[in-house]
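My entries follow the model below.

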Amino acid sequence: MEHYVITIGRELGSGGKAIGEIMAKQLSIPVYDRRLIELAAEENGFDPAVFKQADETAGKGLMSQVIHSLSSPFAAFSSLYNNSISNESLFKVQSDIIIEKAENENCIIVGRCSDYILRNHPRHVSIFVHADYEDRVKFVMERNNLSEADAKELIEHTDAIRSDYHNFYSETNWGDSRSYDICVNSSLLGLEGTAKLLTEFVKAALKIQE
């Protein structure tokens, strides 16, 4: 039977990454997030710092440069061209790694536009995790030792980046329930309960045997 892959999109503070890690333990499979970026950088000779700079920000960065180039076309043209090529190349490398992992092992991939990249995979379940805003703020405050105001600012900034990145490279909308197989509010059951629910859903959807 072909390998299966689970992709997880998430709002900042929803616990999507932690839920993916719990699911990975329950299913005894690896989970890839930042590790995927580091792996892609190492295997393809990229400086990891360059990869992290473009991580989930390529689309927004490019669009910002496009707008800037309209007001200063000659000064901005070289930078726009070089950065767009760089970002497209980095996304292509990352996509190749995602596809390779999904073809060769059962795994979970968090973020990285993986739901869209793997849209044609025959055994793929796409998940989006969101949560009540108050819970997200509390989660980010505790995890990052931030004030409430700073946590709210970080949530707004990060969600905007993730949305821009996903929508730039894909034909689906980040966080739109119609773009995923299942969307879940982690505030209702907590991290452990949500992970258990999603694991059972995946097992039933993909007919995974114990």
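How many bridges join β1 to strand β3, and do they run parallel or antiparallel? I counted 4 bridges between β1 and β3 (residues 107-110), and the two run parallel. Strands here are DSSP runs of E, at least two residues long, numbered from the N terminus. Two strands pair if DSSP finds at least two bridges between them.

I noted the source first. This is a predicted model, where local features need pLDDT of at least 70, side-chain atom pairs count only at pLDDT 80 or more, and totals for chains, interfaces and linings use all residues. Residues are numbered from 1 along each chain as its sequence is written, and side-chain values use heavy atoms, with hydrogens and water left out.

Val 5 has Cys 107 as its bridge partner. Ile 8 stands opposite Val 110.

I then turned to strand β4 (residues 124-130). It runs parallel to β1, and 6 bridges join them. There, Ile 8 has Ile 127 as its bridge partner.

I also looked up strand β2 (residues 31-32). It is joined to β3 by 2 bridges, again in parallel. Tyr 32 is the bridge partner of Ile 109.

Last, I checked burial (buried is under 20% relative accessible area, with a 1.4 Å probe and protein chains only). In β1 (residues 5-10), 6 of 6 residues are buried. Val 5, Thr 7 and Gly 9 point one way, and Ile 6, Ile 8 and Arg 10 the other. I found β3 covered on both faces: Cys 107 and Ile 109 are buried on one side, Ile 108 and Val 110 on the other.

Note on methods:
Buried < 20%, exposed > 50% of the residue type's maximum accessible area, 1.4 Å probe, protein only.
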